[in-house]
Amino acid sequence: KLLITVKPPAALAERIFADAARHAAGRTKREAYPPELLHITLLCIGGFKTVPHGLVERLKAALGEIKARPVPITFDETSLFGNRNSLALHSCREMQELRALAKMVQRALRRANLPYVAASSFTPHLTVIYGCGKIEPMPADKPYSWLAGSFELVFSHNGETRHELLGRFALSPKAERYERPESQLNLPEKVIGPSKRLTQRASVR
């Protein structure tokens with residue numbers, strides 16, 4: 001798969017892996033996902049047998065145009081995720097900046113007429129054990145937090161448990177603030193409906 005991802009710093013990835021490995025012991029035959037592969041998928045471009053170099057160059061050009069701020073990320077809960085019952089980290093709070101970044105990535109690809117797999121919704125999560133079956137959630141007494149300063153374009157090699165880094169794109173604190181979700185936009189206290197506007201215009205005339 002060709003993926004656009006956000007990855008935790010190496011030291012934090014090692015801590016997440018160690019915690020997941022301890023939780024997996026005696027509960028599932030599946031091993032914790034290697035620390036260097038832990039990631040949040042912002043967008044999946046699609047599945048390919050080999051790296052599509054021509055497409056990759058177009059993707060890199062489009063992604064390089066994105067100007068966005070670093071993203072604060074905190075995972076403080078775990079749950080089973082997906083049809084294969086994988087164990088994933090998630091947040092009890094809305095991750096608004098991360099959702100906004102995912103939207104910016106989609107818009108950049110649409111503007112460049114580039115393909116991606118459209119999902120019904122973006123659910124920020126980080127899978128720590130794949131296909132583990134129905135096991136109890138992993139305790140997350142100390143949240144896993146970091147400030148993501150970049151996102152990456154990677155090729156996940158099927159069956160090899162390996163990510164090939166194709167491009168890294170820096171986020172800048174000088175970029176404009178992320179747009180607020182529509183539910184948080186401030187509306188005026190009094191909304192003038194269409195009929196009232198027409199009445200007001202008629203009286204002015």
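Burial and charge pairs in a predicted model

Modeller: The structure holds seven salt bridges, a salt bridge being a side-chain nitrogen of Lys or Arg within 4 Å of a carboxyl oxygen of Asp or Glu. The model is predicted, so local features need pLDDT of at least 70 and side-chain atom pairs count only at pLDDT 80 or more, while totals for chains, interfaces and linings use all residues. Residues are numbered from 1 along each chain as its sequence is written, and side-chain values use heavy atoms, with hydrogens and water left out.

Biologist: Why is glutamate 152 called buried?

Modeller: Buried means under 20% relative accessible area, exposed over 50%, and partly exposed in between (1.4 Å probe, protein chains only). Glutamate 152 has 9% relative accessibility, so glutamate 152 counts as buried.

Biologist: What makes arginine 168 and glutamate 152 a salt bridge?

Modeller: Their closest N and O atoms are 3.1 Å apart, and the cut-off is 4 Å. The pair links distant parts of the chain, with arginine 168 in strand S9 (residues 162-170) and glutamate 152 in strand S8, 16 residues apart. Strands here are DSSP runs (E, at least two residues), as helices are (H or I, at least four), numbered from the N terminus.

Biologist: Is arginine 168 buried or exposed?

Modeller: Arginine 168 has a relative accessible area of 52%, so arginine 168 is exposed.

Biologist: How do you know that lysine 60 and glutamate 57 form a salt bridge?

Modeller: The closest N and O atoms of lysine 60 and glutamate 57 are 3.8 Å apart, and the limit is 4 Å. Because they are three residues apart in helix H2 (residues 53-63), about one helical turn separates them.

Biologist: Why does tyrosine 116 count as partly exposed?

Modeller: Tyrosine 116 has 22% relative accessibility, so tyrosine 116 counts as partly exposed. Tyrosine 116 sits in the loop between helix H3 (96-111) and strand S6 (126-129).

Biologist: What joins the side chains of tyrosine 116 and arginine 110?

Modeller: A polar contact of 3.0 Å joins them. The term asks for a pair of N or O atoms within 3.5 Å; within protein, one must be able to donate a hydrogen and the other to accept it, and residues adjacent in sequence count only if both atoms are side-chain atoms.

Biologist: Which residues have the most contacts inside the largest nonpolar core?

Modeller: They are Ile4, Leu42 and Ile73, in a core of 56 residues. H3 gives the most to this core, with seven residues. A nonpolar core is a set of buried Ala, Val, Leu, Ile, Met, Phe, Trp, Tyr and Cys residues joined through side-chain atoms within 4.5 Å.
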